[in-house]
Amino acid sequence: MSFKFQNDDARCKAFREVLKQDWTKLESAETDRGRGLPKPSVTKTYSEGAIFDLDHDIKDISDKTLFEVVNSRRSTRKYQDVFMTQKELSYLCHMTCHISKFGPGYAMGVIPTGGATSSLETYLYLHKVKDFVPGLYHYMKDTNQLRLIRSDITPEMVNESTLNQLRGAQVIFYWTATPYRTEYKYSNTSHKMIAQESGHACQNLYLASEAIGYGTVAIAAYNQIAADRLLELSEDEFVIYVAAVGKKII
Ligand SMILES: Cc1cc2nc3c(=O)[nH]c(=O)nc-3n(C[C@H](O)[C@H](O)[C@H](O)COP(=O)(O)O)c2cc1C
């Protein structure tokens, strides 16, 4: 038996096509990889801004089981007014963005990415983290460090970009997509995979937060123009997903 809904909105019908991809029609020869064009870099590198090491001694930070974490996770929108520690920040970064294997045109780490094309970049607005000035940081995939890229960011600017969803969170994660990294290999079948990749990152953030007494809320309802402006992105890169993380009120 099939469902039949009464929705004649042509825009919805057009957008649904992005979610339906026919891989039998992907002609490798018609991709930029098939044409022999150079591989796009899977990393973005800033040349300026202070660099901060993360703590790699983080294995013992949680004693919860995966079963407990998965089953107790809830979207969290109210937080304690405390500072996150550097170890906690390091743990969240490791669990959502850590890369362990690199090569030309590919990167492999804690989240699966379509064809290892690693289309995402991660930016963090550190609002209340001990020993870090508030500001916008970029996660450096090649060295697993953070780089301060903007220290002039105010909570008001973050609220503008998140449609007032900062709500006192300690950290805001902004994930951006650089579609060409995936399009190079998979052409028009890329876009659904890129969105799915961001979902993997955010789910890891949900679970990692829960493991250490923090809560996350995914934010799809953000202001695209304000978020892209906040991160000073070019037209080849744009925000695709946002999440707030804060210390849970018990
Ligand atoms: C793709 C996606 C986008 C979401 N966007 C928002 C958002 O912008 N603001 C918000 O408060 N919650 C957002 N949420 C959280 C959902 O409201 C939440 O997951 C849902 O109510 C179920 O609650 P739970 O996560 O506690 O199970 C989003 C969730 C997903 C998966």
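**Close-up views of a helix pair and a ligand site**

**View 1. Helices α3 and α6 meet side by side in this predicted model.** Tyr 91, Leu 92, Met 95 and Thr 96 of α3 touch Ala 201, Asn 204, Leu 205, Ala 208, Ser 209 and Ala 211 of α6 (contact means heavy atoms within 4.5 Å). Sorted by class, this contact holds seven nonpolar, three polar and no charged residues.

**View 2. How do the axes of α3 and α6 cross?** The axes of α3 (residues 86–97) and α6 (residues 190–211) come within 8 Å and cross at roughly 150° (lines fitted to C-alpha atoms over the stretch in contact, with angles from 0 to 180 degrees between N-to-C directions). Helices here are DSSP runs, H or I, of at least four residues, and strands are E runs of at least two.

**View 3. Residues around the ligand.** Among them are Arg 77, Gln 165, Arg 167 and Tyr 241 (each has a heavy atom within 4 Å of the ligand). Strand β8 (residues 214–219) gives the most to this shell, with three residues.

View 4. Ala 221 uses a backbone N or O atom, 3.1 Å from a ligand oxygen.

**Notes.** Residues are numbered from 1 along each chain as its sequence is written, and side-chain values use heavy atoms, leaving out hydrogens and water. Local features need pLDDT of at least 70, side-chain atom pairs count only at pLDDT 80 or more, and totals for chains, interfaces and linings use all residues.

Note on methods. A polar contact is a pair of N or O atoms within 3.5 Å; within protein, one must be able to donate a hydrogen and the other to accept it, and residues adjacent in sequence count only if both atoms are side-chain atoms. Ala, Val, Leu, Ile, Met, Phe, Trp, Tyr, Cys and Pro count as nonpolar, Asp, Glu, Lys and Arg as charged, and the others, Gly among them, as polar.
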